Amino acid sequence: MAEAAAPKEKKVLTPEELQVEFAKVTALSIDDQSVYFLRQFVTEFSGNFEEVLDLAQEFKKYAPTEGDVRELEEDKAHLFLERRGETLTVKELRDALKEIDLDSNNRVSLIEFLLYKYKFTLEQLFEERDHKIEHLLKKLEEAIAIYQAELAAKQAREDKMAQLEELSTQGGVKGMRAKAELEAMRNEDMLERNRREIQAGAKKRAAQKAVDSGDPYAEEQKRLEEEKKKQEAEAKAQREESRRRLAEKAKLWN
């Protein structure tokens, strides 16, 4: 009886390699950092990935509005933590910032905050996961994209209404025009907005269900079985074709 194959040994990154990989992640946009985090911890956040995306959205509110911003300066990170009630005293805030700032650059990235909040380590962030099924992760990413698009649309609408609200108080033609546009937005067809939200929610739930119910090992075994059957069918077809050709040649000699 053949011995079972030994499990593949997982690669362990050195501290230097961890820092190199971490630098690559912190160079991503805030949204991409949240997706990277969810991909790596897909099972841990099964059913509530919106929590991480909402944190990313809130995190962005403290970032400068210009440029490709990926990290918060120390004072903004301090304010972000304070507003969230993550810490209680000034000393705790300072201690938290020291703990969060893993690359010691006096700035805080979203990925650093997520690791801090959910008590994960760099080693876990870059740990090789067994049976990581790409098609399940793809469904999760589709749900994430839908949710992020809804968040972006909602934020854009809120920003536009805030701008019109300010203009409407200035009076004159511009003020009246802004007031009318603001009123039109407030009276916007709620059925259409609700329809979009319902559709987005349905897609998200379907994608999440696929992740929740998908047994990675079973899915992989099923894929391998199907691939094996396909290969066997192709081999059988080739054998039959070969026999047919030999039979045709044999006829020529008779």
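Predicted model: local features only at pLDDT ≥ 70, side-chain atom pairs only at ≥ 80, totals over all residues.
Where is the place of Gln 40? Gln 40 sits in helix H2. Gln 40 has a relative accessibility of 7%, and because buried means under 20%, the residue counts as buried. In sequence, Gln 40 and Leu 137 are 97 residues apart, while their C-alpha atoms are 9.6 Å apart in space.

The overall plan comes next. The protein has eleven helices and two strands. Along the sequence they follow the pattern α-α-α-β-α-α-β-α-α-α-α-α-α. The protein has 254 residues, and buried residues make up 28% of them. Its accessible surface comes to about 17,500 Å², and carbon and sulfur atoms account for 52% of that surface. Take the contacts between residues at least 6 apart in sequence: 70% of these join residues at least 24 apart.

The structure holds ten aromatic pairs. The rings of Phe 37 and Tyr 118 have centres 6.0 Å apart and planes at 35°, so this pair is tilted. The cut-offs explain the label: planes under 30 degrees apart would count as stacked and planes over 60 as edge-to-face, so an angle of 35° falls under tilted.

Lys 117 is over the face of Tyr 118, 5.6 Å from the ring centre. Lys 119 is over the face of Tyr 116, at 4.9 Å from the ring centre. Lys 119 lies in the loop between H6 and H7. With a relative accessible area of 61%, Lys 119 is exposed, because exposed means over 50%.

Most residues other than glycine have a negative phi, and most peptide bonds are trans. Lys 119 is not a glycine, yet has a positive phi of about 60°. Ser 104 is found in the loop between helix H5 (90-100) and strand S2 (107-109). At 59% relative accessibility, Ser 104 counts as exposed.

Leu 114 is found in helix H6. Is Leu 114 buried or exposed? At 0% relative accessibility, Leu 114 counts as buried. Apart from neighbours within four places in sequence, Leu 114 is in contact with Ser 34, Phe 37, Val 52 and Leu 55. Phe 37, the partner of Tyr 118 in the tilted pair, is thus also one of the contacts of Leu 114. Leu 114 and Ile 100 are 14 residues apart in sequence, and their C-alpha atoms are 8.9 Å apart in space.

The last stop is helix H9, residues 172-186. At 1.5 Å a residue, the 15 residues of H9 should span 21 Å. The C-alpha atoms at its ends are 21 Å apart, which agrees. Which residues of H9 are buried? They are Gly 175, Ala 178, Leu 182 and Met 185. Seen down the axis of H9, the buried residues fall within an arc of 85°, so they line one face of the helix. The spacing can be read against a general rule. An α-helix has 3.6 residues a turn, so residues three or four places apart point the same way. On the face of H9 turned away from the buried side are the exposed residues Val 173, Met 176 and Arg 177.

Definitions and conventions: Residues numbered from 1 in each chain as written. Heavy atoms only, no water. Helix = DSSP H or I, 4+ residues; strand = E, 2+ residues; numbered from the N terminus. Expected span 1.5 Å × (residues − 1). Buried < 20%, exposed > 50% of the residue type's maximum accessible area, 1.4 Å probe, protein only. Arc of directions from axis to C-beta. Phe/Tyr/Trp six-rings, centres within 6.5 Å; stacked < 30°, edge-to-face > 60°. Lys NZ or Arg CZ within 6 Å of the ring centre and 35° of its normal. Contact = heavy atoms within 4.5 Å. Areas by Shrake-Rupley, 256 points an atom, 1.4 Å probe, with all protein chains shown as cover.
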